[in-house]
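Please look over the sequence and the model below before reading on. The text then goes through the structure part by part.

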Amino acid sequence: MKEIIKRGIFITLGAIIMAVGLEIFLVPNQVVDGGIVGISIMLAHITGFKLGLFIFVLNIPFFFVGYKQIGKTFALSTLYGIAVLSAFTTFLHPVPALTSDVMLATLFGGVVLGIGVGMVIRYGGSLDGTEILAILFTKRLPFSVGEIIMFINLFILASAGFVFSWDRAMYSLLAYFVAFKMIDITIKGLDESKSVWIISDNYQKIGDALLSRLGRGVTYLSGEGAFSGDDKKVIFCVITRLEEAKLKDIVSEHDPTAFLAIADIAEVKGGRFKKKAIH
């Protein structure tokens with residue numbers, strides 16, 4: 001129940017933040033977003049109907065597809081998020097834009113939009129049916145989900161040139177890029193984690209140094225060199241991006257020839273990842 005309440009709160013908050021990005025920054029300055037929301041913005045401009053109405057109605061078919069193909073929890077979370085987004089775009093529509101400077105509206109609108117969308121995705125929902133459509137297409141086409149979404153959104157953003165103007169289409173592309181980067185940051189978090197693999201004959205000294213000086217727990221794995229056939233110990237640990245430089249210094253200090261591999265991690269849960277106190 002706690003997880004359901006937590007998910008509901010953050011999906012609600014994310015949808016409201018996205019509505020703010022749309023109605024307070026982008027829509028008043030005729031800058032569109034990608035996906036179903038972008039189509040809804042253009043249809044609302046052409047017909048004069050409420051943006052929230054188009055967002056809700058156009059996403060309904062994707063809710064049923066998502067329910068069958070992806071799962072009940074995802075579909076219900078998506079439906080709830082879209083309903084909140086539709087309601088708050090209608091509620092915020094009379095509120096005047098914070099700025100009439102198109103560049104400022106594009107940049108800040110993209111940032112706010114990306115935070116809202118990223119928050120909803122992080123907690124198991126979606127605010128646009130384009131992602132569901134891309135998941136279905138990727139089963140039949142030799143393209144990834146990201147490539148399909150990019151193609152669909154480029155077509156939609158280019159259409160803004162015919163509905164508004166070509167400079168607005170270019171602003172829309174810039175807003176989409178900013179939002180895309182903010183979604184990535186919001187999902188991963190600013191305190192991005194990294195996995196580290198170290199192979200060294202001085203594994204014990206390096207492991208002890210990481211534990212005492214960096215405050216991170218380490219795990220020793222057994223390995224075997226394919227060429228030499230020698231037994232090797234592999235050190236595995238998880239750090240934040242801010243600790244990467246310190247870790248490299250520690251490894252280099254104890255074994256300048258050590259093999260070191262560092263990779264990004266989207267999320268870390270469980271175990272003893274929490275940093276230990278160091279003195």
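The model is predicted, so local features need pLDDT of at least 70 and side-chain atom pairs count only at pLDDT 80 or more, while totals for chains, interfaces and linings use all residues. Residues are numbered from 1 along each chain as its sequence is written, and side-chain values use heavy atoms, with hydrogens and water left out.

In soluble globular proteins, nonpolar side chains tend to be buried together. A nonpolar core here is a set of buried Ala, Val, Leu, Ile, Met, Phe, Trp, Tyr and Cys residues joined through side-chain atoms within 4.5 Å. Buried means under 20% relative accessible area, exposed means over 50%, and partly exposed is in between, with a 1.4 Å probe and protein chains only. The largest nonpolar core has 37 residues, and the members that touch the most others are Met-18, Leu-22, Val-32, Ile-41 and Leu-85. Two or more residues of this core come from each of α1 (2-26), α2 (35-47), α3 (51-69), α4, α5 (102-122), α7 (145-163) and α8 (166-188). These element names follow DSSP runs, numbered from the N terminus: helices are H or I with at least four residues, and strands are E with at least two.

Leu-22 shows what such a position touches. Neighbours within four places in sequence aside, Leu-22 is in contact (heavy atoms within 4.5 Å) with Val-27, Pro-28, Asp-33, Val-37, Ile-41, Ile-55, Leu-85, Thr-89 and Leu-113. There is also a second, separate core, of 13 residues, including Ile-206, Ala-209, Leu-210 and Val-251.

Met-1, Ile-4, Ile-5 and Ile-9 make a nonpolar surface patch of about 470 Å². Patches are made of residues with over 30% relative accessible area and no salt bridge, with like charges joined within 9 Å and nonpolar side chains (Val, Leu, Ile, Met, Phe, Trp, Tyr) joined within 5 Å. The areas come from the Shrake-Rupley method with a 1.4 Å probe, and for residues only the protein chains shown count as cover. Met-1 belongs to the segment before α1 and, at a relative accessible area of 71%, is exposed.

The loop between α1 and α2 holds Gln-30. Its phi is near 60°, a positive value in a residue other than glycine. Gln-30 is partly exposed, at 30% relative accessible area.

A pair of aromatic rings is described by the distance of the centres and the angle of the planes. Rings of Phe, Tyr and Trp (its six-membered ring) pair if their centres lie within 6.5 Å; planes under 30 degrees apart count as stacked, over 60 as edge-to-face and the rest as tilted. The structure holds 7 aromatic pairs. One of them joins Phe-88 and Phe-91, edge-to-face, with 6.1 Å centre to centre and 75° between the planes. These two residues are 3 apart in helix α4 (residues 72-92), so about one helical turn separates them. Phe-88 is partly exposed at 28%, whereas Phe-91 is exposed at 59%.

Tyr-203 and Tyr-220 have ring centres 5.5 Å apart and planes at 75°, so this pair is edge-to-face too. Here the pair links distant parts of the chain, with Tyr-203 in helix α9 (residues 203-214) and Tyr-220 in strand β2 (residues 219-224), 17 residues apart. Tyr-203 is partly exposed at 25%, and Tyr-220 is partly exposed at 29%.

How many salt bridges does a search of the whole structure find? The search finds 7, a salt bridge being a side-chain nitrogen of Lys or Arg within 4 Å of a carboxyl oxygen of Asp or Glu. Arg-168 and Asp-167 form one of them, at 3.2 Å from N to O. Arg-168 is buried at 18% relative accessible area, while Asp-167 is partly exposed at 34%.

In another bridge, the closest N and O atoms of Lys-194 and Glu-244 are 3.9 Å apart. Lys-194 lies in strand β1 (residues 193-199) and Glu-244 in helix α10 (residues 244-254), so the pair ties together parts that are 50 residues apart in sequence. Both residues, Lys-194 and Glu-244, are buried.

Arg-216 and Glu-243 also meet in a salt bridge, at 3.0 Å from N to O. Arg-216 is in the loop between α9 and β2, and Glu-243 is in the loop between β3 (231-240) and α10, 27 residues apart. Salt bridges that share partners join Lys-194, Glu-244, Lys-248 and Asp-264 into one network.
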